[in-house]
Amino acid sequence: MANDRYEPREIESRWQEIWAREGTWEVSNDSEEVQARLGEPEKSYVLEMLPYPSGEPHIGHLKTYALGDAIAHFHRRTGHRVLHPMGYDAFGLPAENHAIRTGVHPRQSTDESIAAFQRAFRSWGISIDWTRELATHEPSYYRWTQWIFLRLLERGLAYRKEAAVNWCPHDATVLANEQVIDGRCERCGHEVEIRQLEQWFFRITDYADRLLDELDTINWPEHVKAMQRNWIGRSEGAEVAFRCEELDTEYTVFTTRPDTLFGATFFVFAPEHPDVFRLAAGTEHEEEVHRYVNRALTESPEERGAAEKPKTGVPLGRTITNPVTGEQIPMFVADYVLMEYGTGAVMAVPAHDQRDYDFAQVFDLPIRQVVAPADDSEVPSGEAFVAHSENERLINSGEFTGLSTVEARRAIVEWLDRQGKGNASVNYRLRDWLISRQRYWGCPIPIVYCERCGMVPVPDSDLPVVLPEVEDYQPRGRSPLAAAEDWVNTRCPRCRGPGRRETDTMDTFVDSSWYFLRYCDPHNDQAPWDPKVLAQWMPVDQYIGGVEHAILHLLYARFFVKALADMGLVNVQEPFSSLFTQGMILGPDGQKMSKSRGNVISPGPIVERYGVDAARCYILFIGPPDQDAAWAETSLKGVHHFLSRLWRLGLGEDASASAAAQDGAEAPADPSGDALTLVRKAHWAIDKVTGDMSGRFTFNTAIAAIMELVNDIYRFPEAEPQARRFAIATAASLVFPFAPHLGSEVYQQLTGRRVWEEPWPDVDPDMLRADTFELVCMVNGKLRDRVTANTGAPREELERLALESGGVKARVDGHDVAKVIVVPDKLVNVVLV
RNA sequence: GCCCGGGUGGUGGAAUUUGGUCAGACACGGUCGCCUUAAGAGCGACUGCCCUUUGUGGCGUGAGGGUUCGAGUCCCUCCCCGGGUACCA
């Protein structure tokens, strides 16, 4: 033996080589015939969110893939055929911005980064089926992104319109609503402007109800579902038409509180509302309205959105009729009303809406209470009465007075309906998905504009529309592709006349909205996938990724799958049956890792020094994986120490290899003494680890259980060798999903076999219970004695044992016993009067 | 404001599934010892707080109340921290 030190890198590269050479983690798409013959072992599709290849992988990647890999290994060894593929989300702004700075083509920097990720994944020993690898910037992939775009276009789910859109002046491109955080670009942090532009959209709003309702069918963390519900923002209410007699026009508003209609004492338009100028024309306020609107439009969304700022607005100098009271109520324009939500106009009920109340105060407008608090309490002055319970009743509301707010909602909507003045309605916060980007490094939109035929889709047979080479990536308010004249000028696919290509590219979230489907059938060049093959694998059984994608990616992917399912191309309604969102690894200072803070931990040197098994185990041991955790190198050393101890146990057994060959690592038939203790501990560990892997993914306690097993093996050096070998082999087998190299190594030392080919160990339930236990004897809830009792002993016997025990007896004598609580196999509590 | 999480030793965290003793598993850090020429590694013991009563002692899971024979765990009120979201009518 060269030395007796644990040398992880040697062990790790040896096993990695075997897995690469033998393609251990590859799975095939079986024909139906083969499937029938195999008797259909259950499939399991385990997937981590694909990485965005930029620079080198960081420690967060290691966490994601260590988590997914542990689950994949566990599923394999519990009898599943596991699909565990890998790919790269290769288009996107960072590579392009890098190109602008350095002149290096985005393809080159992206491919270099992909190579770095590939090296990392191999050196981390992640069990990937490399035959299914893909990257979204390859024409063989984005050909089908374009194909899907055309299918959406055919169904009216992709469309072009001019709209007020979010524009990032720094990145010189438009952004989806989901990509604007607090009025700023999620990528570069610059304040977003609003521009009127003609852009491509996906009609995700058509799916709002299904995206909402079908959240109930999937096993996702509740907070992620809540975020999606919030984002979709479904509100039930009514549309109510208000008539302006003076100008003979009608304006509809959306309200969630039709029951307060009698309290509507004025009416407000958003500054962007197209009729504002027309309404003000010829009134004394005309000029003031123009000034106000112009100022409002130049304010950034952030300035305007400040909730605490005092209400401002201007009267339009005209009135409109409240449809239930017939009153003429004044109209205003005010920037607290948003054009993007509802109809861009609201009925104002100052008594029952805080914003309307504040506005009414500024303009001294009437405030008419129409709902009475249930308990007749006074409404605090300066506040609108907005709280509502089932018991509140209407006042000052004509024939509806006395109804509860719930009844009134229905009754007033019915009345409006009969009068043709309104109807029940549902409103959403969700907007259609804006997918155009005025940038180079993305998937070209397969559209040609022809003077004669108009907008013409590129035929399927001409796909892919390949991204051309350009000299200058600098965005100048139009896509850099516009400069590629040879590419832009083309023939119209319909009339063969001159045409010009669409020069915007697609949002990269389009690329990643369907990659999990392509993994199922990655080499198909006739279709994006064969629906029959897809049905073998979809849905993804376990999806793993960061919570930062809770809305964007996860909502878009769900929309894609539903749309594709409606076309008959996909067999499921939801892409990801179960979702696990992992927490971040923070720097040693407890702060988010960042170059500027100088607290970045790179996986490379860590793996070099301690081995990847130690790094992976440490990341999982640090705490529950869905929580954030600060990096602590000393703790990593502790895990390395544990792995060394396990490794040395394997080494010790190697010396007695002849014995190992005879009885392998079977548990001894009838152990006793220390041997029994060890065998029992091993089964306890199997039970604990299996439970942790199946439910909440609390790998930290699973690893702690294996640590306890290893500690016990050290504690009983004299135990019968066969029991020791069983315990060591069990520890190796259990640690394999977390430390696959060491697990393989130690297991092979003991048994000569490959641990990943072995089924997951079975628990012997008899070994989980001891024959006797310590019966806790309490008096009035205080511990007074312990005695040994037989497991499974009847209540009467336990009660007798407790009452006879010295500590109890001394306190019970001379008192009356009120009752005796017996918890089988645990305790007896004697309650005195 | 609203919606989710969460608050346990010097530190990360266990125990929350089903209310069941002794809270604090497993680690980190610390103290002491063994081994070693030394260092490292390794091995072992101790490590919530308090006490002029060292005891089958007292106190202890953000604060206060409650239910119970029994509460970190359930209920109520409140405080604090993290995340999401917001003039959404």
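## Overall fold and local backbone features

Among contacts in chain A between residues at least 6 apart in sequence, 72% join residues at least 24 apart. The model is predicted, and its chain A comprises 28 helices and 33 strands, with C-alpha atoms that fill a box of roughly 105 × 90 × 55 Å along the principal axes. Of the 833 residues in chain A, 55% are buried, while the chain exposes about 36300 Å², of which carbon and sulfur atoms supply 48%.

Helix 19 (residues 603-610) packs against helix 20 (residues 612-621) at an angle of about 115°, with their axes 7 Å apart. In this contact I606, V607 and Y610 of helix 19 meet V612, A614 and A615 of helix 20, and the residues involved divide into six nonpolar, no polar and no charged.

P464 is found in the loop between strand 22 (454-457) and helix 14 (485-488), whereas P539 is placed in the loop between helix 17 (531-537) and strand 26 (542-546).

| Residue | Phi | Loop between | Relative accessibility |
|---|---|---|---|
| D248 | about 55° | strand 10 (235-244) and strand 11 (249-255) | 54% |
| D364 | about 55° | helix 12 (354-363) and strand 16 (371-372) | 71% |

D248 counts as exposed because its relative accessibility is 54%, and D364, at 71%, likewise counts as exposed.

Definitions and conventions:
Residues are numbered from 1 along each chain as its sequence is written. Chains are lettered from A and ligands numbered from 1 in the order in which they are written. This is a predicted model: local features need pLDDT of at least 70, side-chain atom pairs count only at pLDDT 80 or more; totals for chains, interfaces and linings use all residues. Side-chain values use heavy atoms; hydrogens and water are left out. Helices (H or I, at least four residues) and strands (E, at least two) are DSSP runs, numbered from the N terminus. Buried means under 20% relative accessible area, exposed over 50%, partly exposed in between (1.4 Å probe, protein chains only). Contact means heavy atoms within 4.5 Å. Accessible areas come from the Shrake-Rupley method with a 1.4 Å probe; for residues, only the protein chains shown count as cover. Axes are lines fitted to C-alpha atoms, for helices over the stretch in contact, and angles run from 0 to 180 degrees between N-to-C directions. Ala, Val, Leu, Ile, Met, Phe, Trp, Tyr, Cys and Pro count as nonpolar, Asp, Glu, Lys and Arg as charged, and the others, Gly among them, as polar.
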